[in-house]
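Work through the exercises below with the sequence and the model at hand. Each task is followed by a stepwise solution.

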Amino acid sequence: MKYIIKIAVFIPLAALMFIADITPNLAPPYLQLFPEAVAWTDQGAFLVSRRRMRRRGVIVGASVEKRRDAQASSQQQQQESTIAQEQTATAKQQAATAQQQAATAKQQAATAEAILLPEGTVVTTLPPTCTPMQVSGVEYQHCGVNYYRTAFQGNNLVYVTTHPE
Amino acid sequence: MNVLSYREISVLLALALSAGVPTVIRAQTFTVDPSATQQLKQMTDYLGSLKQFSVHTQVTLEDVTDFGHRVDLDVSASIIIKRPNKLLAKRKGDPIDQTFFYNGKTLTLYNPGDKVYATEPAPETIEGMLDYARESLDLIVPAADLIYPNAYDLLVQDIDFAIVVGKTVINGKTCSHLLFSRPGVDFQVWVADDSKPLPCKYVVTDTGNPGLLSVTTVMSDWNLAPVIVDNEFTFTPPKGTKPIEFIRLDTIGITTH
């Protein structure tokens with residue numbers, strides 16, 4: 001009897017182990033007794049993205065980021081599935097990725113041109129159609145409805161929205 | 001009903017929970033070999049005692065693409081330092097093509113490809129300038145970690161592990177290989193094994209990141225008597241180069257005048 005109860009306890013636990021291991025997202029909430037593990041993963045991801053952002057200087061105003069994320073996410077998913085399917089055709093895959101990235105960039109640029117960004121928004125690339133202009137001896141890039149000034153953010157070259165006076 | 005003892009239950013629970021734990025094997029040993037710290041100190045003291053030098057650095061930044069592929073970015077830099085207040089660093093490479101000037105009065109960051117530069121008044125010593133550049137302008141100057149006169153104290157702060165790994169040859173020079181660890185960071189230093197204990201290589205690893213990504217700096221062409229022309233530390237903008245500003249960490253955005 002004792003033996004049977006032991007098995008009865010052990011098997012569900014083993015099943016939980018399996019679930020927790022294979023499908024962390026589907027694991028029941030009471031299995032998330034592991035703040036360290038979760039924090040550790042999040043922290044790791046955070047560091048990677050922060051480091052990458054720093055290095056490439058991709059620091060975009062929060063408002064723009066959100067809008068772009070929403071737009072880009074569907075594109076991103078497409079991209080990922082495309083890549084999963086075409087793992088053998090490397091060249092093809094790269095071309096597809098590049099195309100989609102270009103499309104995403106275009107879309108983002110279009111958004112950036114049409115929407116007035118809050119002053120002080122920092123972007124790393126200018127929209128494609130900008131006109132350089134001088135106001136009181138200071139050079140601006142006039143892109144759609146926004147004016148940008150070039151600046152260094154740390155070691156990175158960035159563009160900051162501003163309102164010329 | 002004493003079917004399962006608490007001990008058995010706790011073992012089973014531990015097993016179940018451990019399934020979700022990422023397996024990072026990092027021994028919790030707290031060994032600090034005095035020979036390792038001593039060799040590190042000899043190197044930083046020696047570097048600190050040099051009035052002037054030039055060195056070439058080859059830096060590799062490890063990264064991971066959005067699709068999870070490992071990618072390395074390389075930057076080549078030549079650095080000239082004249083203590084107490086002159087520094088010139090020319091960097092060329094994938095993420096950055098940039099020259100940094102410091103002449104004791106101002107610092108300038110110049111991107112030749114973009115034809116832009118920014119100049120700021122700067123503190124009057126290299127150490128003061130490095131602090132200011134990092135804290136107010138978010139600027140990273142190559143090899144700054146090792147240039148500070150108190151580099152040793154900064155490096156060994158909070159270390160809980162230090163060993164001498166062994167000896168190896170880097171760019172034809174025999175170098176002693178030291179490994180240090182502190183929470184979140186592992187760093188390795190290779191120190192030339194001769195009367196001039198100069199650094200041969202320096203690797204910093206982010207241990208807070210599951211990929212254990214590193215920044216590797218290999219030093220070569222040490223010259224302790226470089227020909228230095230003082231005005232080369234002062235930036236003279238070439239024709240068509242435009243001044244821009246730094247986004248300071250202590251203000252929000254840029255104010256237009």
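**Exercise 1.** Over which residues of chain A does pLDDT stay under 50?

*Solution.* Step 1: pLDDT is the predictor's confidence in each residue, from 0 to 100. It stays under 50 over residues 29-88 of chain A. The model has 66 contacts beyond four places in sequence for this stretch, a contact being two residues whose C-beta atoms, placed from the backbone, lie within 7 Å.

Step 1: Where pLDDT is low, the predicted coordinates should not be read in detail.

Step 2: The mean pLDDT of chain A is 62, with 40% of its residues at 70 or more. Helices (H or I, at least four residues) and strands (E, at least two) are DSSP runs, numbered from the N terminus.

Step 3: This is a predicted model, in which local features need pLDDT of at least 70 and side-chain atom pairs count only at pLDDT 80 or more, while totals for chains, interfaces and linings use all residues. Residues are numbered from 1 along each chain as its sequence is written, and chains are lettered from A and ligands numbered from 1 in the order in which they are written.

**Exercise 2.** Is A:Thr129 buried or exposed?

*Solution.* Step 1: A residue is buried if 20 or more other C-beta atoms, placed from the backbone, lie within 10 Å of its own, exposed if 12 or fewer, and partly exposed in between.

Step 1: A:Thr129 counts as exposed because it has 11 C-beta neighbours inside 10 Å.

Step 2: A:Thr129 is in the loop between strand E1 (122-123) and strand E2 (131-135) of chain A. Its C-alpha atom is 6.0 Å from that of A:Cys143, 14 residues apart along the chain.

**Exercise 3.** Which residues of helix H3 (residues 126-137) of chain B are buried, and where do they lie around the helix axis?

*Solution.* Step 1: The buried residues of H3(B) are B:Ile126, B:Met129, B:Leu130, B:Ala133 and B:Leu137.

Step 1: They line one face of the helix, because they fall within an arc of 100° seen down its axis, taken from the directions from the axis to the C-beta atoms.

Step 2: Just after H3(B), B:Asp138 takes a positive phi of about 60°.

Step 3: Leaving aside neighbours within four places in sequence, B:Tyr102 is in contact with residues including B:Met129, B:Leu107 and B:Phe233.
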